[in-house]
Amino acid sequence: MIASSGGAQADGGGRRGAFVVFEGGDGAGKSTQVQLLVEALADRGVPVLRTRQPGGTPLGNALRDLVLHGDPMSARAEALLFAADKAQHVADVIEPALSAGTTVVCDRYVDSSVAYQGAGRGVGADEVERVQDWAVGGLAPDLTVVVDVTPDEGRRRRGQVHDRLEAEGEDFHAAIRTHFLDRAAAHPTRYLVVDGTPDPQAIHARVLERLEADRLIGPAT
Ligand code: TYD
């Protein structure tokens, strides 16, 4: 089992990198926040890696194509393909970076599967979580930022439909939002919920503030 991150000793005896995940519904504005955080950390001289799921490895990119743009599949098959993507991504990219002391900022992670396949597809959140946790060897983020917008606002922002998940209806996206918010409310020390509607810089400032408060990054110099 791979240990959680959060300041444990890195392989070389140094500090492990922090593991920060952004979650939210389609069109919430996560990717903008990921970009702003990565730039801010790089400006502070923090070694940082930006990555995303599904994707982030050659196998992950092939799975991404299948699962987002392929033929219809069963909900369990979908959950397993997302799990395979995560397994490869953690083994090849995330864990080595954290061990080397690099902070990893990841666009979606285990909670996306629990929300989309567990709550959205109705496979069952607990079952999906067990499978995904197994796939990632138990590696948990130090902080998960949930960027929250209503399904209506998400749909308005993303415009045309880009993939199989986005194409799902109102109830599907509402279940996903509820899942993220419930999850964050149940574990406030591991989650930050930010309203995704204000100016992106204002949201970014809240994220930095929380990362500093949690000592996942040092103060700006
Ligand atoms: P993507 O194009 O990466 O867009 P974004 O993250 O900006 O919405 O789409 C990934 C889609 O895959 C998104 O609809 C959420 C979904 N997804 C799952 O259903 N399960 C998962 O485990 C992950 C990582 C993503």
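Helix H4 contributes the most residues to the shell around the ligand, namely 4. The model described here is predicted. In total, 16 residues surround the ligand. Sorted by class, this shell holds 6 charged, 5 polar and 5 nonpolar residues. The closest of the surrounding residues are Asp26, Lys30, Arg64, Lys86 and Arg108.

| Residue | Distance from polar side-chain atom to a ligand oxygen atom |
|---|---|
| Arg108 | 2.6 Å |
| Ser113 | 2.9 Å |
| Gln117 | 2.9 Å |

On its own the ligand has 540 Å² of accessible area, and the protein covers 89% of this. The ligand takes up the space of the largest pocket. Helices H1 (30-43), H2 (58-69), H3 (75-99) and H4 (110-120) are the elements that each supply two or more residues to the shell.

As for the chain as a whole, it contains 8 helices and 5 strands. Read from the N terminus, these elements follow the order β-α-β-α-α-β-α-α-β-α-α-β-α. Along the principal axes, the C-alpha atoms fill a box of roughly 45 × 40 × 30 Å. The radius of gyration is 17 Å, which agrees with a compact globule, because a globule of this kind with 221 residues would have a value near 17 Å.

Definitions and conventions: Residues numbered from 1 in each chain as written. Predicted model: local features only at pLDDT ≥ 70, side-chain atom pairs only at ≥ 80, totals over all residues. Heavy atoms only, no water. Near = heavy atom within 4 Å. Polar contact = N/O pair within 3.5 Å; in protein donor to acceptor, adjacent residues only side chain to side chain. Areas by Shrake-Rupley, 256 points an atom, 1.4 Å probe, with all protein chains shown as cover. 1 Å grid on protein atoms, 1.4 Å probe; cavity = no way out; pocket = protein on both sides within 12 Å on 5 of 7 lines; lining within 4 Å. Sits in = over half its atoms within 2 Å of the grid points. Nonpolar A, V, L, I, M, F, W, Y, C, P; charged D, E, K, R; others polar. Rg over C-alpha atoms; globule rule 2.2 N^0.38 Å.
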